[in-house]
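This briefing accompanies the entry shown below. Please read its points with the sequence and the model side by side.

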Amino acid sequence: MRNKDRLAVLGAGHVGPVIARLAIAAGYPVAIATSGDPDDIALITELVIPGARPRWAGDAIADADIVVLAIPLHRFAELDPGRLAGKIVVDAMNYWPASDGVLTAFEDGGASSRGSSEIVARRLAGSAVVKALNHIGYHELEDRARPAGAPDRRAAGLAGDDPAAVAAVAELTSRLGYDPVRLGGLRAGRVLQPGGPVFGQVLTLPEFERAVHEEARSLR
Amino acid sequence: MTLTYAFGLDTFGDREGGADGTPLSHAQTIRNVVEEGVFAEQSGVDFFGIGEHHTDYFPMPAGDVALAAIAARTEKIRLGSAVTVLSSDDPVRVFQRYSTLDAISGGRAEVILGRGSSIESFPLFGYDLADYEDLFDEKATLFAELLKGGPVTWEGKTRAALLDQDVVPHLESGPFPAWIGVGGNPQSVIRAARLGFSLALAIIGGPPSRFAAYSELFRRALEKFGQPPRPVLVHSPGHVAPTDEQAKAEFWPRWRQVIALVAEERGFVIPTEASFDAEAGPDGALYVGSPETVANKIAANVRALGATRFDLKYGLPGLTHDQLMTTVELYGREVIPRVRELLG
């Protein structure tokens, strides 16, 4: 068991506080950070994410085992890859041009031909990037979380190239409230993206596996 | 302390259907919205809001013009945007349009600034969605300055600088109510408090009670920034008919249709009948039912969220003018008095 994994959640918008709350409920020590002064999110932390610790991003990352990226993707370029080196990085971000605008860096080779997490991982070459917690809407992510074994527990997919990092994030996913489905390497994480078969869906394990399987077959 | 509650209706100019199911023209839909606004006052509704949209199914890009037509035919009802997509507009022009509405209506204008679910105005007016946050932050800051009245000096990246600029028409009786619409980002709540706006919570899915922390966050943030207390508004979709069964029969097929339409652009999940029933039930975000059902739910959530205003977003593409006039009438004559009674 990796009971002592410490989390740094980057981003205090829609998604970050939800993941932070679920992680606190699951017993993880959680620091939360934005690009600015932790004082700016002290009230948010106290009232919306009780139990989390607001910190400077650099400090939160330095002390963390797992760093969750829950920032708008267009701010990703501002992150310093050096600071994230050696960390497990959960990429919970999405490239969703219809909603957030077109980002040249993520149009690389055409939006559909490459996964956004592969582009994230290329920039974070010193980190073990795992795509996870991105495909369930932030409202649902909180409302539908259930403990392991609950009859109405749902599934959440993850993908990454580093087996140890994938194991840690699978455990995180499970403890947050979802049956983790390991899809394979980061490339396989493309099925979790906007437009993919499970994006925006909250599915049971068999439903999830069927949806992903049908997608794989249709691509053959 | 006795709280003063207010209850409004909002529309996006949802393109109405004819009796035979064919869509009415954009022009006829706009004329019908004006009639509904006038009828809202006659039915006892406190506020009528029009949301900015630029699509074939919500043909309502210039709601302020329709609001002016309603203003000319009413005496008491407050009139405003719900919402104005400030990021793709010029704050000076927004201020001028709504201060003109304030003049025409004798001080009844309001604005809710935000984005709503509206993204189509960005490419239409040449803005990049990726700049959304920066645009909104800067423009809301300027709008707060404009509301104070008097000459404005301002400099930023999103429009021409202003140097001791007199912006007309002058406000006759001080700033009109201005809200920032928030959909679930706590940093937007902090921004509303910091800039001195009131808080409009747009709750369109899931249990409304989860937003209670946002009301408290807003209250505490106002204190922190040395701002006076300001009200919290809740905006949610719904439909009122004589019975629960009729309300669902009219609303649900249209709801599925419009979400399916938007889902293609936005990646929304298409609702099932079971998910709809959950949203229309006591713990969901939709107010669909008889006057008694809707009133009970409004009263419970207004209380839980510490709000003093509730705006029902009524109408959906394809609903008929008659169906909407019934919603307006039942909401004004039965729902609002019942909610007031329940809130004591």
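The structure is a predicted model. Its two chains meet through 21 residues of chain A and 22 residues of chain B. The largest nonpolar core holds 175 residues, with members in chain A and in chain B.

**Interface between the chains**

- On the side of chain A that touches chain B, the elements giving two or more residues are helix 2 (42-48), helix 5 (97-100) and helix 7 (138-143) of chain A.
- Helix 2 of chain A supplies the largest share of that side, namely four residues.
- By residue class, the side of chain A that touches chain B comprises eleven nonpolar, eight polar and two charged residues.

**Nonpolar core**

- In soluble globular proteins, nonpolar side chains tend to be buried together.
- Within the largest nonpolar core of this model, the residues that touch the most other members are A:Ile19, A:Val68, A:Val169, B:Leu199 and B:Leu201.
- Helix 5 (residues 132-147) of chain B contributes the largest share of this core, eight residues.
- Leaving aside residues up to four places away in sequence, A:Val68 touches A:Leu7, A:Val9, A:Leu10, A:Ile19, A:Val90 and A:Ala92.

**Sheet of chain A**

- Chain A has an open sheet of eight strands with mixed pairing, in the order 3-2-1-4-5-6-7-8.
- Strand 3 (53-54) and strand 8 of chain A are the edge strands; each has a single partner strand, so one side of each lacks a neighbour in the sheet.
- Strand 3 of chain A pairs with strand 2 (residues 30-33) of chain A in the parallel sense, over two bridges.
- A:Ile32 has A:Pro54, in strand 3 of chain A, as its bridge partner.

**Helix 8 of chain A**

- Helix 8 (residues 163-176) of chain A has 14 residues and should span 20 Å at 1.5 Å a residue; its end C-alpha atoms are 20 Å apart, which agrees.
- Its buried residues include A:Ala165, A:Val166, A:Val169, A:Leu172 and A:Leu176, and also A:Thr173 and A:Arg175.
- Among the elements covering the buried residues of helix 8 are helix 1 (15-25), strand 4 (66-69), strand 5 (88-91) and strand 8 (178-182) of chain A.
- A:Gly177 follows helix 8 of chain A and has a positive phi, near 130°.

**Strand 3 of chain B and its partners**

- From strand 3 (residues 78-81) of chain B, B:Arg78 and B:Gly80 point one way, B:Leu79 and B:Ser81 point the other way, and all are buried.
- Strand 2 (residues 47-50) of chain B runs parallel to strand 3 of chain B, and four bridges join them.
- B:Phe48 is placed opposite B:Leu79 of strand 3 of chain B.
- Between strand 2 and strand 3 of chain B, the chain passes through helix 2 (residues 63-72) of chain B, forming a right-handed β-α-β crossover.
- Strand 3 of chain B also pairs with strand 5 (residues 109-114) of chain B, in the parallel sense and over two bridges.
- B:Glu110, in strand 5 of chain B, is the bridge partner of B:Gly80.

**B:Thr100**

- B:Thr100 lies in helix 3 (residues 91-105) of chain B.
- B:Thr100 counts as partly exposed because it has 16 C-beta neighbours inside 10 Å, whereas a buried residue would need 20 or more.
- From B:Thr100 to B:His54 the separation is 46 residues in sequence and 22 Å in space, C-alpha to C-alpha.

Notes: Residues numbered from 1 in each chain as written. Chains lettered and ligands numbered in written order. Predicted model: local features only at pLDDT ≥ 70, side-chain atom pairs only at ≥ 80, totals over all residues. Contact = placed C-beta atoms within 7 Å. Nonpolar A, V, L, I, M, F, W, Y, C, P; charged D, E, K, R; others polar. Core = buried A, V, L, I, M, F, W, Y, C linked by C-beta atoms within 7 Å. Buried ≥ 20, exposed ≤ 12 C-beta atoms within 10 Å, placed from the backbone. Pairing = 2+ DSSP bridges. Right-handed = clockwise from strand over helix to strand, strands pointing away. Expected span 1.5 Å × (residues − 1).
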